[in-house]
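Student: I have a structure open and would like to go through parts of it. Can we start with a sheet?
Tutor: Fine, here it is.

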Amino acid sequence: MRTILITGPGGSGRTTIAAATALEAAREGRRTLLLSADRTDTPGTALGAATGPVPTEVTAHLTAWRPDAVARFREDLTAFQSRAANVLDLLGAARLDAEEVTPLPGAEELSFLRALRDAALSERYDLLVVDLPPLPQALALLGLPEELRRYLRRLLPPERQAARALRPVLGRLAGVPMPADWLYETAARWDVELAAVEAVLTDRDTAVRLVAEPGPAGADAVRAATLGLALRGLPTEALIANRALPDTADAWPAPLLAQQRKALADWQESYDVRPVPHLGRDPHGPDDLAALAVPAVNPARTPVEWPVTDRIAEDGVLVWHLPLPGAIRDELDLVRRGDELLLTVGPFRRIVPLPSALRRCTVAGAGLRDGELRIRFAPDPGLWPAKGR
């Protein structure tokens, strides 16, 4: 199943474009789910049919769903209290009633990611169109599974469950399950769930469409978003230039037309730009969405690769190629830390594990050329197999 992630600056019309994309795919006969992170029913306004916490069939082959983060958080907390009942009783903790629970910061994002995972793993649909939050919240959301899994591995590494065989005995002596068991079991369950979400986001059939209005503000947002997505290994499949004015739009101010034309010309040098016309009103209902003529979803895409090339014979190094379009040399920093690389590009930061071959090397230098970061690694004689062995 293909997954199309759609985001853009606030006010760019990303939800309308997501609804139009899903509707177009459904008209082609694809079983399509429109999944939206919007708290209000903006997708329903665009589609002309109410959407909510229960998946709703809008038209033939099109279903829309806006998960209820509050209800999901309450369910998760209730289940957590049930699983940890013995430990909570030992600590004398007072249980929380569902009615008094409000989502904690981050709970809404995790709830939406779980809904995305469930939808992507469902066999009911051929296409998942995801209406993400506006930038930069969407970029933070996309990086959340990887970052949380890293935190779990650092705080509760599975290989360090000391005296595991003794804990059941100690538990029987104490009369309660040992907290360490409960912690590791919980961490393992979370890791599995987060890994499933991460697998959806990094799948070769997942791609991103950016939505922005042609103009200075849109150009700045697109530039930053492209860099943030590239750092996550997510390609920008298309740039939807929303509310584009026709060349003969005499009713619009000439400076606005000139501004849009300049932005479109600049974008076309680097992106697959797909202009979507300004209807002169907010789109409402299937007919208006069809009039937008959004681009159809391609059956497949070219995944982003971070390859390692062997230059040992020529230069004595291995080279790791990281495509980072839009990166600026003065805003780029990298630090080797054990088997990880701490990579900072402008306002974005990511900690990535090194490929296995590079873990036995030392960093010999790096350079940025034509939107690609090339990091050179020299084999460590103490770890690298000797020639001829």
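Student: What order do the strands of the open sheet of four have?
Tutor: The order is S9-S10-S15-S14, with antiparallel pairing. Strands here are DSSP E runs of at least two residues, helices are H or I runs of at least four, and both are numbered from the N terminus. Two strands pair if DSSP finds at least two bridges between them. This is a predicted model, where local features need pLDDT of at least 70, side-chain atom pairs count only at pLDDT 80 or more, and totals for chains, interfaces and linings use all residues. Residues are numbered from 1 along each chain as its sequence is written, and side-chain values use heavy atoms, without hydrogens and water.

Student: Which are the edge strands?
Tutor: S9 (308-311) and S14 (361-369), each of which pairs on one side only.

Student: How many bridges join S14 to S15?
Tutor: Eight, and the two strands run antiparallel. Glutamate 372 in S15 is the bridge partner of arginine 369.

Student: Now S2. Is it buried or exposed?
Tutor: Five of the five residues of S2 (residues 32-36) are buried, so the strand is largely enclosed by the rest of the structure. Buried means under 20% relative accessible area, exposed over 50%, and partly exposed in between (1.4 Å probe, protein chains only).

Student: Which way do its residues point?
Tutor: Thr32, Leu34 and Ser36 point one way from S2, while Leu33 and Leu35 point the other way. In a regular strand the side chains alternate between the two faces of the sheet.

Student: Switching to helices. Where is the kink in H6?
Tutor: At leucine 144, shortly before proline 145, and the kink is about 45 degrees. The bend at a residue is the angle between axes fitted to the seven residues ending there and the seven starting there.

Student: Which residues of H6 are buried?
Tutor: Among them are Leu141, Leu142, Leu144 and Pro145, along with Arg149 and Arg150.

Student: And H9, what comes just after it?
Tutor: Glycine 233, which takes a positive phi of about 75 degrees. Within H9 (residues 216-231), the buried residues include Val222, Leu227 and Leu231.

Conventions: Expected span 1.5 Å × (residues − 1).
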